[in-house]
Structures are given as C-alpha cells and as structure tokens.
Amino acid sequence: IERWLRSQAATGFGTGPGRSEASETAATHQPQAAAPLGELLPLQSCQMIQDAFADVLGVMIVITDMTGQPVTRVSNACGLYEAVMATGASVARCIQNWQRMAGGLTLEPKFTPSELGLLCARGLIRSGNELKGMVFLGGIAPDAWPPAPEDLAMIADHFGVAQADVDANIEGVHRLERPARERALAGACGGRGRV
C-alpha cells in the first residue's frame, strides 16, 4: 500500500473522475506535500482499508489531520463511544482530545487513557518531511474495567450525556489482552505512516 501511495503521489494521483475541479486545480498548483491530507489520500480506498484493519485488530480507528479534524469515518466504533458521541458537543470534546494528543508529538506511539477512560494511541502520518495527519486507535478497555461509579458519573457529565446511557453501554468496549494490544499498536500506528 505504501509503495502504491508513493507511486501515485509521484504521478499526481487523486485527479480524474470523481474528484472536484477545485481539488484538481489545487493538486495542479500546489506541491504534493502542501496539499491537505484529504487530497493526498484516496479516501474511499483508505476508508475500506481502515475498516478492514479495525475489524481484524478489534479496535476503533480514525484518521485525522494535524488539527484533530477527522478525515475518515470512525471504523469499528465501540458501543460506549457511539452512546457518548450522540451529540455535536460530545464529538467536539472528542476532537479536542485528539487535538491535545497532536500537541504531544511523541514519535513512538503508546497507549494512554482517553477521556472515556479507554486506551487510545496515536501514530503520525508524514508526507516527505511534513506531518500531515494522525491515525488514532482506541476503544480498548484497560485491565481495570469498568470504572468506579463516581468515574462513570464524571464521564457522563464531561460529555453532557445521561449517566443511564453510559451505564447501559459500559461493557460495549473492545477487550484485548496485552499481546493483542501491542500487535494492534504496531499494526495501526507503528508503521512508517508515509503518503
């Protein structure tokens, strides 16, 4: 996939049928590295690949730009995530978390707790020497799950959802043993991540 993306970038992939005139003009007049991530990636193909990886690895995956704005849809979303992200305000809080993770530019991906209390990791996507986006994987329950009732109340309050919705979906998470977590981390975030 990486070789194909490089060869397509060298030939100006992304132009042609199905692309907007504006994106073709941008691709013609901008160096490839300066183009937004959404223009560098064949999004339909990326979504299918991302969906397949998320299913095989048993995790949630989403690709964002460096500001934390999603470029793809979330793949294999866990039930707790879907229950909590029911409002625009909840989604905005999640994007803020992704933006905070963008600011902590550690080169090696590692799992950290998200605001839902689930494990989340971030890998970087580069184009040449420029950071263009991030791959997030998450929705994974830590070893000590579920959280204490007072923590569940804080999650519900933080995301502005009913605690009953959080309580009803608390087991709707991805469960991976440590070796499977490490494989998921290497598979989704540990590659070279170049376009």
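Predicted model: local features only at pLDDT ≥ 70, side-chain atom pairs only at ≥ 80, totals over all residues.
1. Leucine 131, in strand β4, has arginine 126 opposite.

2. Strand β3 covers residues 119-127 and strand β4 covers residues 130-140; the two run antiparallel and are joined by eight bridges. Two residues lie between these strands in their hairpin, and there glycine 128 has a positive phi near 65 degrees.

3. β4 also pairs with β1. These strands are antiparallel, with six bridges between them. Glycine 133 of β4 illustrates both contacts: it is the bridge partner of aspartate 65, and it is likewise the bridge partner of isoleucine 125.

4. The whole sheet may now be described. It is open and has four strands, in the order β1-β4-β3-β2, with antiparallel pairing. Its edge strands, β1 (60-65) and β2 (112-113), each pair on one side only. As for accessibility, β4 is mostly covered, with nine of its 11 residues buried. A student tracing any strand may recall that, in a regular strand, side chains alternate between the two faces of the sheet.

5. Helix α4 spans residues 43-57. From the first C-alpha to the last, this helix of 15 residues reaches 20 Å, which is close to the 21 Å expected at 1.5 Å a residue. Glycine 58 follows the helix and has a positive phi, near 75 degrees.

6. An α-helix has 3.6 residues a turn, so residues three or four places apart point the same way.

7. Where do the buried residues of α7 lie around its axis? In this helix (residues 149-159), the buried residues are Leu152, Ile155, Ala156 and Phe159. They cover an arc of only 95 degrees around the axis and are therefore on the same side of α7. Glu150, Met154 and Asp157, on the other side of α7, are exposed. Just after this helix comes glycine 160, with a positive phi of about 70 degrees.

Methods:
Residues numbered from 1 in each chain as written. Heavy atoms only, no water. Pairing = 2+ DSSP bridges. Buried < 20%, exposed > 50% of the residue type's maximum accessible area, 1.4 Å probe, protein only. Arc of directions from axis to C-beta. Expected span 1.5 Å × (residues − 1).
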